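Please look over the structure shown here. The report that follows takes up a few single residues, then the helices and the chain as a whole.

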Amino acid sequence: MVLGGGEADGTGCALTGRDAAMDAALGALYGGGGSGGSRKTSGERSAGLGGSAPHVARWLGDIRTYFPSSVVQVMQRDAIERLGLSALLLEPEMLEAVEPDVHLVGTLLSLNKAMPETTKETARAVVRKVVEQLEKRLATRTRATLTGALDRSARISRPRHHDIDWDRTIRANLKNYLPEYRTIVPERLIGYGRAAQSVKKEVILCIDQSGSMAASVVYASVFGAVLASMRSIATRLVVFDTAVVDLTDQLDDPVDVLFGTQLGGGTDINRALAYCQSKITRPADTVVVLISDLYEGGIRNEMLKRVAAMKGSGVEFVTLLALSDEGAPAYDREHAAALADLGAPAFACTPDLFPEVMAAALEKRPLPVP
């Protein structure tokens, strides 16, 4: 709001009604009063949310009334960061008033250990709502893209009769049409192997759960559940800080996966990759996706040796600095350059691009690096 406010901010254009209420909601967060601001007397501009849960609850209701959902989410995130309102999210009444989004889920996960039992059920409901929204947005396209990639990677040129893909075979041999016989003489048969319905590829998602990776953890958990639902892909999900936790047995419910993480702490990428390496049984059919900002607290040279060894054995190795809708993340540029030298370029990836990245990895073709 440029004009108006207390004493009309010297403009002579005082705000009234809805405009004044919108200005008060913005002033409470951005007016410079901070969390220690207090409510003014009638006619004066209100600034600050104070430390009171009722004040914050009213404010959350106000911004949902006056602003679209996308703006509400930004204001909520700013309130949590600027005014230190994380503790208030431990109250069920507050959670019910908040507009859920990926960043709120990250905040709730970071508060998980401190959350009272009375709040956990509400928190899980908030997280589940966001997860369901993400699955609705991402699942269909991901399955379609990866199914096509798996089919292309499994195609063979000498199939048995009952494995012939007649549509593709006919299209590939149209030039061999004999008009006098009104038929096509196929020079090349295209089909699928007898194991077409069995597991074709193995995917290991190795996710850094340090605090800066919160949004990436949320998206990766959703994608992990989608991949796990595809019979042709054996999916393993591993999260790490200085310890390594395998959450594969919880992949049928990404909410359980998320509450199994523990955001924050240090980072030992080398230890996580050592665990993932020990689980690889079919290197040529395995894709390892490391999602990390690459700030390594473990043994750097050992980490790079493991990546080189996996790639040397035939593993497709993908490094994502972030899996989120945010801009360019902070990351360890030296480690990123070293991985690129090994043929594993590190780049940030949006959730919408992730299916294309995975399809390229499954087909062993160049990754669509943005």
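R182 is exposed, its relative accessible area being 70%, where exposed means over 50%, buried under 20% and partly exposed in between, computed with a 1.4 Å probe on protein chains only. R182 lies in the loop between β2 and β3 (183-184), and although R182 is not a glycine, its phi is positive, at about 50°. Helices (H or I, at least four residues) and strands (E, at least two) are DSSP runs numbered from the N terminus.

With a relative accessibility of 40%, K364 counts as partly exposed.

The model is a predicted one, in which local features need pLDDT of at least 70 and side-chain atom pairs count only at pLDDT 80 or more, while totals for chains, interfaces and linings use all residues. Residues are numbered from 1 along each chain as its sequence is written, and side-chain values use heavy atoms, with hydrogens and water left out.

## A buried asparagine

N173 sits in the loop between α7 (166-172) and β2 (177-178), and N173 counts as buried because its relative accessibility is 2%. Its side chain reaches the backbone oxygen of T169 at 2.7 Å. Leaving aside residues up to four places away in sequence, N173 touches I184, V185, P186, E187 and R188, contact meaning heavy atoms within 4.5 Å.

## The buried side of α10

In helix α10 (residues 269-278), the buried residues are I269, N270, A272, L273 and C276. They lie on the same side of α10 because they cover an arc of only 160° around the axis, the arc being that of the directions from the helix axis to the C-beta atoms. Among the elements that cover these buried residues of α10 are β5 (201-208), β6 (233-240), β8 (286-291) and α11 (300-312).

## How α5 meets α8

The axes of helix α5 (residues 102-110) and helix α8 (residues 214-228) come within 8 Å and cross at roughly 105°, the axes being lines fitted to C-alpha atoms over the stretch in contact, with angles from 0 to 180 degrees between N-to-C directions. The two helices α5 and α8 are therefore roughly perpendicular to each other, a term for angles of 65 to 115 degrees. V102, V105, G106 and L109 of α5 make the contact with A214, A215, V218 and Y219 of α8.

## The chain as a whole

The protein chain has 13 helices and 10 strands, and buried residues make up 46% of its 370 residues.

Terms used: A polar contact is a pair of N or O atoms within 3.5 Å; within protein, one must be able to donate a hydrogen and the other to accept it, and residues adjacent in sequence count only if both atoms are side-chain atoms. Angles under 35 degrees count as roughly parallel, over 145 as roughly antiparallel, 65 to 115 as roughly perpendicular and the rest as oblique.
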